[in-house]
Amino acid sequence: MDNGILLWVDDEVELLKAYIIFLEKKGYEVVTATNGRDAIDLCRERSFDIILLDENMPGLSGLETLFQIKEINSAIPVVMVTKSEEEDIMDQAIGSKIADYLIKPVNPNQILLTLKKHLHKKAIATEVTNTSYQQNFMKIGMQINDSYSLEEWIEVYKRLVFWELELSETNSEMTDMLRMQKMEANTEFSKFIRKNYMNWIANPDSRPLMSPDIFKRKIFPLLDNGEKVCLIVFDNLRYDQWRVISQDLSENFIFDEELYLSILPTSTQYARNAIFAGLMPSQIASMFPDLWVDEDEDEGKNLNEMSLVKTQFERYRRKNTFSYSKLNNSADSDKFVSQFKNMTNKDLNVIVINFIDMLSHARTESLMVRELSSDENAYRSITLSWFRHSPVGELFNVLAHSDVKIVVTTDHGSIRVNTPVKIIGDKNTNTNLRYKLGKNLNYNTKEVFELKEPKKALLPSPNLSTSYVFAMNDSFFAYPNNYNYYVGYYKNTFQHGGISMEEMLIPVVTMQSKRAKRS
């Protein structure tokens, strides 16, 4: 058994024989050096998996040796072993990026624990995670089959995302098993939506939280309580993406996190306008025809969001002041962050951030971006990297020093599509791959969720014979003409507009700065 090669540097190496024998029996190769110079030479000659370094040695001190070893190989983990408990030495060692710090006398099991932590952590974590998921696999399967309410489906989805994030950290072989379980869950979730969606639309007072309810149930109560509120809407933010972003925010904020249900179609034109207007799409088109843009019009579909917010405030006879800002690029974000302190006199600041939706579209259109975000884990990684290095991250730093209540949400999520479904429509049929509306659509009714009477779903109906159809699970619509082109081009891309947990079960999070909470 070869567990790794370690270099142990100590001027009293003859006292370490019992430790060395112990470690060799555990499968480690141990190389020793009695001074810093020899240790540095050994590091130039060969590679080590980890170094145990005595701090107090004649000649070069442990810290001086550490600096030179790091110049040779900055990635090698170095564990400082010393009799000294002086805080200054600890600070210098930690500042030099040591892996660990042990105080003499140490026992063999301490050394073994340190080696496991730094050499075998990933392998051990993978094994434990695999075993834990296998033990939970049957429980999740039973939960999928026994979910009859939206609350139960939300718990299923949260559990699946939890394991997706856990397994992604370990490159686990269980990933394929989880993917299949997620597909099974989406199949059952689609049946659940087909069964209940129209009843929710018909009964707005008793339905679960949906897109038109966000202001009424999440924003207005905070304003009524005298809070200053910042509503941040990330376009096309999945729950798993929020989970990785929230880990960065947890140091400065406390969260009240829940998932709500996006309306259909799960696309910006419908879901986000519903949020800002507090109305379903056909209600917007009927009450404010100048603010609704039909599918077949060339005009941008989200140019009237500020006006829609204003109509909602007026309908509820609210006198609150508000601002609206849309951040499409870094220049917009930089300018906004620099001016944000001057905007805190408003009761509500609404901020729309479009990067994630732009990333989704770029991934479809650019082979390079598709390679960089080849799967869900890579997609999350790019999202997190953007957040950390963008002015939006700086915006949250500013908010961490304010007393503002923050509501973070999105209009819909997206799903990676892989299964083509044939559909036939005329030239006026919309181009979205996850939902279609038009006249005389031809499709297999078993493969879609169809709405023959859009008005009952409170969706605009450009013609008397207009119907809507929605793709389910990981399917996407493809025309028989150029079928192979469609399938080849759009397979394995992230799309939205249809029915899946990833698109419909989306975060709405109320946040507060820990600093504000303490004060």
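These legends describe close-up views of one predicted model.

Local features are given only at pLDDT of at least 70 and side-chain atom pairs only at pLDDT 80 or more, while totals for chains, interfaces and linings use all residues. Residues are numbered from 1 along each chain as its sequence is written, and side-chain values use heavy atoms, with hydrogens and water left out.

**View 1. The whole chain, for orientation.**
The chain has 21 helices and 19 strands. Helices (H or I, at least four residues) and strands (E, at least two) are DSSP runs, numbered from the N terminus. Along the principal axes, the C-alpha atoms fill a box of roughly 90 × 55 × 40 Å. Of the 519 residues, 55% are buried. Buried means under 20% relative accessible area, exposed means over 50%, and partly exposed lies in between (1.4 Å probe, protein chains only). Contact means heavy atoms within 4.5 Å. Among contacts between residues at least 6 apart in sequence, 74% join residues at least 24 apart.

**View 2. Arg416 and its polar partners.**
Arg416 sits in strand E11 (residues 415-417). Its relative accessibility is 13%, so Arg416 counts as buried. The Arg416 side chain makes two polar contacts: one with the side chain of Glu376 at 2.8 Å, and one with the side chain of Asn492 at 2.6 Å. A polar contact is a pair of N or O atoms within 3.5 Å; within protein, one must be able to donate a hydrogen and the other to accept it, and residues adjacent in sequence count only if both atoms are side-chain atoms. Leaving out residues up to four places away in sequence, Arg416 also touches others, including Arg179, Arg238, Arg363, Asp375 and Asp474.

**View 3. Glu376, seen from its own side of the pair.**
Glu376 lies in helix H17 (residues 376-389). Glu376 is buried because its relative accessibility is 14%. Beyond four places in sequence, Glu376 touches Glu164, Arg238, Arg416 and Phe494. Glu376 and Phe494 are 118 residues apart along the chain, yet their C-alpha atoms are separated by 9.2 Å.

**View 4. The largest nonpolar core.**
This core has 109 residues. A nonpolar core is a set of buried Ala, Val, Leu, Ile, Met, Phe, Trp, Tyr and Cys residues joined through side-chain atoms within 4.5 Å. Phe189, Phe215, Ile232, Phe234 and Phe396 have the most contacts inside the core. Helix H7 (residues 150-168) gives the most to this core, with ten residues. Phe396 is in contact with Ile232, Phe234, Leu249, Phe253, Phe387, Val408 and Met511, neighbours within four places aside. A second, separate core holds 21 residues, among them Val9, Met57, Leu66 and Ile69.

**View 5. Helix H9 and the glycine after it.**
Helix H9 spans residues 214-224. Its buried residues are Ile214, Phe215, Lys218, Ile219, Phe220, Leu222 and Leu223. Gly226 follows H9, with a positive phi near 80 degrees.

**View 6. Helices H11 and H13 packed together.**
H11 (residues 268-277) and H13 (residues 305-315) pack at an angle of about 40 degrees, and their axes are 7 Å apart. Axes are lines fitted to C-alpha atoms, for helices over the stretch in contact; angles run from 0 to 180 degrees between N-to-C directions. H11 contributes Arg272, Asn273, Ile275, Phe276 and Ala277. H13 meets them with Glu305, Leu308, Val309, Gln312 and Arg315. By class, this contact has five nonpolar, two polar and three charged residues. Ala, Val, Leu, Ile, Met, Phe, Trp, Tyr, Cys and Pro count as nonpolar, Asp, Glu, Lys and Arg as charged, and the others, Gly among them, as polar.

**View 7. Two cis peptide bonds.**
Pro105 is in the loop between strand E5 (100-103) and helix H5 (108-119). Another joins Leu264 and Pro265, with omega about -10 degrees. Pro265 is in the loop between strand E7 (253-261) and H11.

**View 8. Two asparagines with positive phi.**
Asn236 has a phi of about 70 degrees. Asn236 lies in the loop between strand E6 (229-234) and helix H10 (239-249), and is buried at 0% relative accessibility. Asn440 has a phi near 55 degrees. Asn440 lies in the loop between strand E13 (435-438) and strand E14 (442-443), and is exposed, with a relative accessible area of 69%.
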